[in-house]
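User: I'd like to learn how to read salt bridges in a protein model. Can you walk me through it?

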Amino acid sequence: MLLPASFTPLWSVPNPSPHGGLWFLFEGGRLLIRASAAEAAALAVPEGDVPPTEVTGTQCVGLLGEIPCWAGRIREEAVPPGCELESLRKLFDCLPDELVAIAGRAFQVLEFERTHRHCGACATPMEVSDEGRARHCPSCGEICYPRIAPAMMVLVTRKGLDGRELLLARGARFGTPIYSALAGFVEPSESLEDCVRREVQEEVGLEVRGLRYFGSECWPFPHSLMVAFLAEYAGGEIHCQEGEITDAQWFPVDRLPNLPHRLSVARRLIDYAVAEALREE
Ligand SMILES: [Zn+2]
């Protein structure tokens, strides 16, 4: 998910007003939306729908054009009539793309606040610093910035008898029966390139070469930065890693299985590789 060009991420805004703006109110991982017209009037504004007293933990998210965006928490019992709570992942198809991306940032801002209330070194309550961007410990000086976990994604391709083929896999943890590129988290001391080679070897037992950077994207479930690559097959037979990959196959570009959602970096990576393969033919 990509933030719109008109959005400025901020940790605080000058002269914040408690009224107006776009409000991204969460209960756990669910966002408050209007039940009737999610696509038009995405989010409930406290002054209209939710009494401000029902909103806790308000955080600044940024400015959409001139409109301040806020994140906050709401209890399930305080959900007003005509509104409902929906998981962020399910909003991909009913909210405008740019609002999904801002909601993703709002969720990460709230998660940072929720998980950094006390110092991890000495357990003293943390204080806000760096204009809201960081938390620091007044006792031992520990400073924390929002956690971002780098992860890599790689789409391996090879030249088959009938044109280019894509290596797509079904992860054991995928909720829906889709095939996607391989992905995994970067480990301490590893470069992204090391991570790509290790994950491909671990998950499907193949060697790769010719890594090409494709793009990157924030993935706020809960705080990943997904960095996507293309790679060329260099050897080995497919062996799926038990517990991680239930199936992996070479697919010709004209016979692809169910693919990830169009808003995901995985899907953009696959679409790019397909277009490139068609140009190659
Ligand atoms: Zn401390």
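Analyst: A salt bridge is a side-chain nitrogen of Lys or Arg within 4 Å of a carboxyl oxygen of Asp or Glu. Here, Arg-75 and Glu-77 are joined by one, at 3.0 Å from N to O. Before we go on: this is a predicted model, where local features need pLDDT of at least 70, side-chain atom pairs count only at pLDDT 80 or more, and totals for chains, interfaces and linings use all residues. Residues are numbered from 1 along each chain as its sequence is written, and side-chain values use heavy atoms, with hydrogens and water left out.

User: How many salt bridges does the structure hold?

Analyst: The count is 22.

User: Are Arg-75 and Glu-77 buried or exposed?

Analyst: Buried means under 20% relative accessible area, exposed over 50%, and partly exposed in between (1.4 Å probe, protein chains only). Arg-75 is partly exposed at 44%, while Glu-77 is exposed at 62%.

User: And which residue forms a salt bridge with Arg-198?

Analyst: That's Glu-190, with the closest N and O atoms 2.4 Å apart. Arg-198 is buried, its relative accessible area being 17%. Shared partners link Glu-187, Glu-190, Arg-198, Glu-199 and Glu-202 into one salt-bridge network.

User: What about a pair within a helix?

Analyst: Helices (H or I, at least four residues) are DSSP runs, numbered from the N terminus. Arg-114 and Glu-111 sit three residues apart in helix H1, about one turn of the helix, and their side chains form a salt bridge at 2.9 Å, N to O. Arg-114 is partly exposed at 43%, whereas Glu-111 is buried at 15%.

Terms used:
Helix = DSSP H or I, 4+ residues; strand = E, 2+ residues; numbered from the N terminus.
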